[in-house]
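Subject: Structure for you to look at

Hello,

Here is the structure for you to open. My notes follow below.

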Amino acid sequence: MQIDETDRDILRCLRENARTPVAAIAKRLDLARSTVQSRLERLESSGAIEGYTVRVSSAVRARPIRASALLEIEPRKLVAVMARLRQIDSIESVHTTSGRIDLLVTIAARTTEELDKALDTIGEIDGVTDSESLIHLTTKLDRR
């Protein structure tokens, strides 16, 4: 899908606050309300906008402790490793990467003990050859 500068401006407004009314976006960008509405509908139907969400502060999250695990995987074991990772409730996301690390795993835990258990479980998965964990301390920038 082609996205022009006006679409980018609309998306920028929504990234700042996904609940911004269409009329407020139109006024801010000096556009007709109907223009913003039709562009939003096109961005949604094309998949450029996948949804709207609420970001909850770390102070009220059920699982405030976050960590990343960097995993190296044996060749041809990715499918089996992914099947096991899907069973670990505290894993929020898994990303493939380029370079030395095969997977970047994001973990959310209620306590350090729960985080430690998740990391131990990941390390015991057949096919995981090496892992390194990084505990997230403070968020300095989050543009999600």
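The protein carries 23 positive and 23 negative charges, and their mean positions lie 6 Å apart. Lys and Arg are taken as positive and Asp and Glu as negative, while His and the chain ends are not counted. Each charge is placed at NZ of Lys, CZ of Arg, CG of Asp or CD of Glu.

**What you are looking at**

This is a predicted model, in which local features need pLDDT of at least 70 and side-chain atom pairs count only at pLDDT 80 or more, whereas totals for chains, interfaces and linings use all residues. Residues are numbered from 1 along each chain as its sequence is written, and side-chain values use heavy atoms, with hydrogens and water left out.

**Overall build**

The protein has 5 helices and 4 strands. These are DSSP runs numbered from the N terminus: helices are H or I with at least four residues, strands are E with at least two. From the N terminus the order is α-α-α-β-α-β-β-α-β.

The radius of gyration is 20 Å, whereas a compact globule of 144 residues would have one near 15 Å. That radius is taken over C-alpha atoms, and the globule rule is 2.2 Å times the number of residues to the power 0.38. The C-alpha trace spans about 55 × 35 × 25 Å along its principal axes.

The accessible surface comes to about 9900 Å², and carbon and sulfur atoms hold 49% of it. Areas come from the Shrake-Rupley method with a 1.4 Å probe; for residues, only the protein chains shown count as cover. Of the 144 residues, 28% count as buried. Buried means under 20% relative accessible area, exposed over 50%, and partly exposed in between (1.4 Å probe, protein chains only).

Contacts are heavy atoms within 4.5 Å. Among contacts with a separation of 6 or more, 65% join residues 24 or more positions apart.

**Two cores**

A nonpolar core is a set of buried Ala, Val, Leu, Ile, Met, Phe, Trp, Tyr and Cys residues joined through side-chain atoms within 4.5 Å. The largest has 18 residues, and Leu71, Leu85, Leu103, Val105, Ile107 and Ile122 touch the most other members. Strand 1 (65–73), helix 4 (78–85), strand 3 (103–109) and helix 5 (112–123) each give it two or more residues. Another core lies apart from it, with 11 residues that include Ile10, Ile25, Val36 and Leu43.

Take Val105 as a way in. Beyond its neighbours within four places in sequence, its contacts include Ala67, Leu71, Leu85, Ile91 and Ile122.

**Single residues to check**

- Ser90 sits in the loop between helix 4 and strand 2 (91–96). Ser90 is buried because its relative accessibility is 7%. Not counting residues up to four places away in sequence, Ser90 touches Arg63, Thr106, Ile107, Ala108, Glu114 and Ala118.
- Asp30 lies in the loop between helix 2 (22–29) and helix 3 (33–46). Asp30 has a positive phi of about 60° although it is not a glycine. Its relative accessible area is 72%, so Asp30 is exposed.
- Arg76 is in the loop between strand 1 and helix 4. Phi of Arg76 is also positive, near 65°. Arg76 counts as exposed, at 82% relative accessibility.
- Thr35 belongs to helix 3. Thr35 is partly exposed, with a relative accessible area of 29%. The C-alpha atoms of Thr35 and Ser45 are separated by 15 Å.

For background on phi: most residues other than glycine have a negative value.

Best wishes
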